[in-house]
Amino acid sequence: QVQLVESGGGLVQPGGSLRLSCAASGSSFSIYAMGWYRQAPGKQRELVANIDKNWSTNFVDSVKGRFTISRDNANNTAFLQMNSLKLEDTAVYYCYANRPLCPGMFQTYWGQGIQVTVSS
């Protein structure tokens, strides 16, 4: 099993920056992709960014150019650098990790969630 521990959230003013970290342990040697979803009050959960073992990345359009994601494959830790934060970035951010079971099928693990609040 994989355990994910998130850190780095908090309260920032618009235009500020935060870095989220997600550290995987347990059966982390099998992780293929890591990333973050976020969920704001009254809204559906959306994928913010992810990165696979080959450093291929994806971002939701609203954060492109502001957020970057990186990964330390040896330590199975992912980092989400969030710059130029906006009010609409306020949400609970949930780290996830995928382990491949067979082609096209994954087991997904979730972090505990961490609050990011952007407010003036």
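Biologist: Is arginine 38 buried or exposed?

Modeller: The general idea is a scale of relative accessible area: buried means under 20%, exposed over 50%, and partly exposed in between, with a 1.4 Å probe and protein chains only. Arginine 38 has 5% relative accessibility and therefore counts as buried. Please note that this is a predicted model, in which local features need pLDDT of at least 70 and side-chain atom pairs count only at pLDDT 80 or more, while totals for chains, interfaces and linings use all residues. Residues are numbered from 1 along each chain as its sequence is written, and side-chain values use heavy atoms, with hydrogens and water left out.

Biologist: With which residue does the side chain of arginine 38 meet in a salt bridge?

Modeller: A salt bridge is a side-chain nitrogen of Lys or Arg within 4 Å of a carboxyl oxygen of Asp or Glu. Here the partner of arginine 38 is aspartate 89, at 3.0 Å from N to O. Arginine 38 belongs to strand E4 (residues 33-39), whereas aspartate 89 sits in the loop between strand E8 (77-82) and strand E9 (91-102), so the pair ties together parts that are 51 residues apart in sequence. Aspartate 89 is also buried, its relative accessible area being 0%.

Biologist: How many salt bridges does the count come to?

Modeller: The count comes to four. One of them joins aspartate 61 to lysine 64, with the closest N and O atoms 2.9 Å apart. Aspartate 61 is exposed, with a relative accessible area of 61%.

Biologist: How many helices and strands does the protein have?

Modeller: Helices (H or I, at least four residues) and strands (E, at least two) are DSSP runs, numbered from the N terminus. The protein has zero helices and 11 strands. Buried residues make up 40% of its 120 residues. Along the principal axes, the C-alpha atoms fill a box of roughly 45 × 25 × 25 Å.

Biologist: Which residues is asparagine 98 in contact with, leaving aside its neighbours within four places in sequence?

Modeller: Contact means heavy atoms within 4.5 Å. With those neighbours set aside, asparagine 98 touches Ser30, Ile31, Tyr32, Ala33, Phe106, Gln107 and Thr108. Asparagine 98 lies in strand E9 and is buried, at 14% relative accessible area. For the protein, residues 24 or more positions apart account for 54% of the contacts with a separation of 6 or more.

Biologist: What is the phi of tryptophan 55, and where is this residue placed?

Modeller: Most residues other than glycine have a negative phi. Tryptophan 55 has a positive phi, near 70°. Tryptophan 55 is placed in the loop between strand E5 (46-52) and E6, and at 46% relative accessibility it counts as partly exposed. Serine 84, not a glycine either, has a positive phi of about 50°. Serine 84 is found in the loop between E8 and E9, and with 41% relative accessibility it is partly exposed.
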